[in-house]
Amino acid sequence: MGKFTEDDLKKELETKEYEYGFYTDIASETFPAGLNEEIVRAISMKKEEPEWMTDWRLESFRHWKKMIEPEWANVKYEKPDFQAISYYSAPTTKPKYDSIDEVDPELLDTFNRLGISLEEQKKLAGVAVDIVMDSVSVATTFKKTLAEKGIIFCSISEAIKEHPELVKKYIGTVVPQKDNFYAALNSAVFSDGSFCYIPKGVRCPMELSTYFRINQAGTGQFERTLVIADEGSYVSYLEGCTAPSRDENQLHAAVVELIALDNAEIKYSTVQNWYPGGKDGKGGVYNFVTKRGLCEKNAKISWTQVETGSAVTWKYPSCILKGDNSIGEFYSIAVTNNYQQADTGTKMIHLGKNTRSTIISKGISAGKSQNSYRGLVKISPRAENARNFSQCDSLLMGNQCGAHTFPYIEAKNKSAKIEHEATTSKIGEDQIFYCNQRGIDTEKAIALIVNGFSKEVLNKLPMEFAVEAQKLLEISLEGSVG
Amino acid sequence: MNLKNKLLSSYIAYEDHLEADSPINDLKSKAIKIFEAEGFPSKKQEDWKYTSLNSLLKTDYSLSPRKDHALEFKDVKRYFLHDIDTYKVVFVDGVYSSFLSETTHDKIDVCLLSAALSKPKYQPVIETYFNKAAKDDSLTSLNTAFAREGAYIFIPKHIEVEKPIEIINFSTGNEAALMLQPRNLIIVGENAHVQIIERHQSLSENPVLTNSVTEIFAEKRAYLDYYKIQNDNETASLIDTTYVDQQEQSNCRVHTFSFGGNMTRNNLNYYQRGERCDSTLKGITILEGKQHVDHNTLVNHIEPNCESHQDYKGIFGDSSTGVFNGKVVVEKEAQKTDAFQQNNNILIDDKATINAKPQLEIFADDVKCSHGCTIGQLDEEALFYLRSRGIGQKEARALLMYAFANNVLESVKIPELKRRINKLIATKIGVNMGFDL
């Protein structure tokens, strides 16, 4: 539990509502609500994109129009009206900054209240932050350090302009335009996102991170992230999110594509803490995300996620283990409280020989929430000696909530070795009693037990995130035990 | 004409032959409407994701077979548990064979559903139980609409049935292709004990499609042991749906042994409607060729303090496919549930496939629920160990497979049957072990 003291907890309790619930008024240029080919064209034009990109968006849009919203997930929500969403909003004060001083002070204030101090992060953590504030990247740090190594880390719109050959080659190769309803929508209207390219044999010297925020009321946020690790390279990418509290539901449909070429390794960590909706289940963010990685020979992709926010989560970070000897990993903690609903898990598609995958999923449900694990492990006929280990543990608090497991296991090769196990339990009264009699109050005892339950996953997070994540877990479960 | 239309039009003719004032006529007409609206399940339905009926539905099945075809007991003796005394309810091409059967009305009722449906004496029982556990999915509805024959077993309070009951459905092959829809109703009264063995057997190479539905009601403290032997010809397909409705402290065990058949689909549904129920679902599946077996299980824990145990073992050779789709639902009220589900599979050949989907849906917090699912191979080191001691490759492999399946075999409570299944396994693996497990 680190430095988190009783006083901190008290403070936390006082401001329990949603501590990041504020709204910054930056004069932003917002498109009228609705979606048609004109809007798609306008977004593309606004971003000064080349023609191939515009065509690509339009193609996606045409696919999207033919698709219907998926209903198979174990979540219930009011379907968003896609014609009532504004598909583009960007802060208008958008000069390219060379130093932090030039950044809009109101924006800086927002970051400070979020606890992201750019200067501090620059010095302390060695983290380069590419901040996405309502879709357009406004500040990029450490770019020079990275540039020396040949690493490209910029916004995707910048990459489309400056590195079209890379974007053109890889975009949509892992998550095709017509992959699913939300991916198609994202491909048509994505506003911005991050792009990262690590050249051959380079080990990225720092953790790359991007903070996403949803700010403007009624604007869906459609991020697009593309990470390419060339042969023999290594990168660790962090993604963390907070959003101001709003009463109407906000839609977030992001697409993340990871490409790990031969011998490369990508570690992708997420802490998601979007507005989960009020105690009565009103409001909150809809999080419908498509995340997928492709592993070539001897490559490795590792997904780590801590999901505490959002009213509805629909997210399956997956690995396609195409190359021989490639490795896929998925570590997840999903916490749901009040009326939150989460349907999350992973897909491990084994295509190459000697491929290995590990899935560790921890679900914690409290209040009236529903938490589902949905996963697929598929061994194709040619995937000799594939190996998978899956473990899904659920922790239930109270009998108003639900925990569900939907694992799909498909083996088409006789040399496959697959193990899957799932357990469901509650916090034992004896465990709490033990803590109580040693002077640890119930609230803290629960935090302690939950922490222990999630340790396996928390350990996989990079240092800076692990601390934050631990704190998040505690806050999200506050008051869930009666 | 496709099978659905054929069924629908033949229902019109069939309807005219129904007895005018039978209480189940309404059920039947409702059921056929459901089937008409839904049709046969397709792969688009989540529950049928891994099993396709398409190839089966192309055959032009005869729906109403001709008269009873006499079978000599000596010809079919081997399909019975002939070395011990049993009650027998035997159907030939869907028609009751009084010659082969051995029924009773002495204290217990072991007879025909058609008799129970038509005689006023049974009316209260039929009204209380018939179609009360069955769900209205399309295949069950289809069965309900056409159901006219099957076993009717009623065990009153406190009676321990002294010998097992065999339900056997033969198809003779006198029809070029035959569709059968047997319907069984089994009621085990308070504190009563019974053992039942069910078997479907085709005697020719002509295709047979069986859509069987069995409803089982276990009253307070009732004990039921149910064995399903599925070792049919490669041209016979079976859709077997079983509903088990359990009351307080009852114990129901269903064992499914799937070795034969072309396509076999088992829908096994348990509903625990009283406290402290105990449910056991076990199965051994050994397949080869192009066989396909789909185990679809549901255990619905509705009341507190109940237990369920599932254990399914599968060995898949050649290009066979196995499906295990197990679902455990623990409702809000069902605190202190202890649910366990296990599914182990071995793939022997390159083209064999296994699709598993063990699901848990839990709404109560004070429960112990776990499941495990593995897919693997025979242990090379164990094989080497056996071979280094002079045991041939084939025997060594067989020995390991025996050991793998043994957990399930062990819990068979009828020694005769256990020996029989042992033999079936030996034949299926292709060796004579020379010993019984």
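Visitor: Which residue of β13(B) is the bridge partner of Thr242(B)?

Guide: Strands are DSSP runs (E, at least two residues), numbered from the N terminus, and two strands pair if DSSP finds at least two bridges between them. Here, Leu268(B) in β13(B) is the bridge partner of Thr242(B). The model is predicted: local features need pLDDT of at least 70, side-chain atom pairs count only at pLDDT 80 or more, and totals for chains, interfaces and linings use all residues. Residues are numbered from 1 along each chain as its sequence is written, with chains lettered from A and ligands numbered from 1 in the order in which they are written.

Visitor: Why is strand β13 of chain B described as largely enclosed?

Guide: A residue is buried if 20 or more other C-beta atoms, placed from the backbone, lie within 10 Å of its own. In β13 (residues 263-272) of chain B, eight of the 10 residues are buried, so the strand is largely enclosed by the rest of the structure.

Visitor: Into which domains is chain B divided?

Guide: Domain bounds come from an automatic or database domain assignment. Chain B comprises domain 1 (3-274) and domain 2 (380-437), and their centres, taken over C-alpha atoms, are 32 Å apart.

Key
A residue is buried if 20 or more other C-beta atoms lie within 10 Å of its own, exposed if 12 or fewer, and partly exposed in between; C-beta atoms are placed from the backbone. Helices (H or I, at least four residues) and strands (E, at least two) are DSSP runs, numbered from the N terminus.
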